[in-house]
Amino acid sequence: MAATWSWWTSPTRASSGSASRAAAKPAPCPSRPCATAWSASSCARCGASRPWKRPERPARRSAPSEPWPGALHIYSSGDPPMTIVTRFAPSPTGYLHIGGARTALFSWLLAKSQGGEFLLRVEDTDRERSTQEATDAILEAMEWLGLTAEGETVFQSQRFHLYNSYIDTLLAKGHAYWCQCTPEEVEAMREQARAAGKKPKYDGRCRELGLGPGAGRVVRFKGPLDGVTGFDDMVKGPTSVQNAELDDMILRRSDGAPTYNLAVVVDDNDMDVTHVLRGDDHVANTPRQILLYKAFGWRVPKFGHVPMILGPDKAKLSKRHGALSVMEYKKMGYLPEALVNYLARLGWSHGDQEIFPREDLLRLFNTNNLGKSPSVFDLKKLEWLNAHYIKESTPERLAALLPEYLADAGETAGLNLDPGYLAGIVPLLQPRAKTLVEMADMARFFLVPANALAYDDKAVAEQLTPEARRLLADLLPIYEAAQDYRDHKALEARTQAFLDARELKFKAVAQPLRVALTGKTASPGLFETMCVLGRDESCARIKRALVL
RNA sequence: GUCCCCAUCGUCUAGCCUGGUCCAGGACGACGGCCUUUCACGCCGUUAACAGGGGUUCAAAUCCCCUUGGGGACGCCA
């Protein structure tokens, strides 16, 4: 039954668990022919040092529910329940973008929701395009999102010897061969196939030549020529391809560097990865990787491919759609929990729930509810979530965040950035700001001294009419005499009493007073604002407004 | 070109596996209203979708087939 297998190939369809299991951990020393198991950190026999050491793991806990749904046949019934291990494997060729962040989040959730482990591996085998800056940027973004990985980060560039020793293994087992075809020759083959209306691929002409190593030669995988390779994708369901569609992929480049497919398989096996969640663009690689697992005799992990994220025009999200980098969203004033909530909800759901604090995500996440069609990134909804989390946040936290945004927006010299003062302002802005950038902007008038307050010309002209000024002038002594600047209701009551005595409506002073206090026609509540400003500052502003 | 995948309101989605409870539910947005000292918040309401066509069935958003549309892959990139 389809739903119960993890992977299979035909005609030798899914040869049952025992074989795979026997070949599973512990990993042998990669220095073939040495096949001893690793000791603490080095091979007991040949002394090779183990390149990556997993942190001490407690005895395998039993996962809450179904730890590896549909994969039980891989393990004999006597096996202890497994710990889910996932990983995020970005290649450091740029910043962490929204799509990558989402797959990282899903991988993290998959592991963490089941008490498993989430690992990080940097796929920097391409020396040309990988940079340290990109690595740092990705790590920074992961940290900002709170997606912390267990153990040390694995860098593929430091493990070339490991990959090569495994390539040797494949060569020795007859699952790989040396190929002397030049890139040009291969390109010609592809061109020919394309012209013939067939799938462009390497024709395998060196497959049976029995070549050895040599300058310019690569090592290719000797894949099956017929049959089918399939797997049960965690998000897409059963998926399969004809092996004839696959060509003999290169495992080792002519410069000795391993290729992606080989390195991924070696590393995922070495790191004990049980579940691989990655972008849609990797589906086509999966059968190739499964074939590699089989050739090595390793346990095949469970795979899941999440669809990509589209821009508003339904085209693949790209730079012209604006911010792509996760850190760009931080700059725009979004809270990490808002982005996480938004990303989680983009392609995943739990009934009608929209608001997902981290704890809910950890409690509710499962791959069954991952959607399989691509989704469009909607900034409006992110804004709404951000506004929600701004309201939920503590004033102290937001107050601490604010100076950074104030600085981004302009000069901060002369601004009152006292944390306590800021924390007093924030509650007035929480229901109004959708982003921290907006909040910083709205907070500005609170922070400058009366003599430096910027007044909006139009507001002054329209609101500070001669009679409005007379009213403010009469009100001033009342505010100067008032002691209760901790209680905005009391200030309001004094104002109301003043108006009642003159039989005036509140509207008569509201906007003039607002302009005098804030320089603008839109602001938080008048008396709350006065309380935050304090008596001296409030009165100084009214005085200044009177002489504008 | 070849292979693979996807398809419910403008957007994110529930429902689809286990057909009837769905003249399709929620949310964002938009629009209108209420509240109100401004701006917001909040509250109430309106708008709007099963891509098309064939089957199967008493009954289909749900199962099957085809078409169309979209996407991905086909690298000595990852």
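1. pLDDT is the predictor's confidence in each residue, from 0 to 100, and the model discussed here is a predicted one, in which local features need pLDDT of at least 70 and side-chain atom pairs count only at pLDDT 80 or more, while totals for chains, interfaces and linings use all residues. Residues are numbered from 1 along each chain as its sequence is written, and side-chain values use heavy atoms, with hydrogens and water left out.

2. For chain A the mean pLDDT is 85, and 85% of its residues reach 70 or more. The predictor assigns the complex an ipTM of 0.95 and a pTM of 0.86.

3. Three strands form an open sheet in the order β2-β3-β4, with parallel pairing, where two strands pair if DSSP finds at least two bridges between them. Its edge strands, β2 (85–88) and β4 (154–155), each pair on one side only. Strand β3 (residues 117–122) is joined to β4 in the parallel sense over two bridges, and Val122 stands opposite Phe155 in β4.

4. Helix α2 (residues 98–112) lies across β2 and β3 and runs at about 165 degrees to β2; axes are lines fitted to C-alpha atoms, for helices over the stretch in contact, and angles run from 0 to 180 degrees between N-to-C directions.

Terms used. Chains are lettered from A and ligands numbered from 1 in the order in which they are written. Helices (H or I, at least four residues) and strands (E, at least two) are DSSP runs, numbered from the N terminus. Contact means heavy atoms within 4.5 Å.
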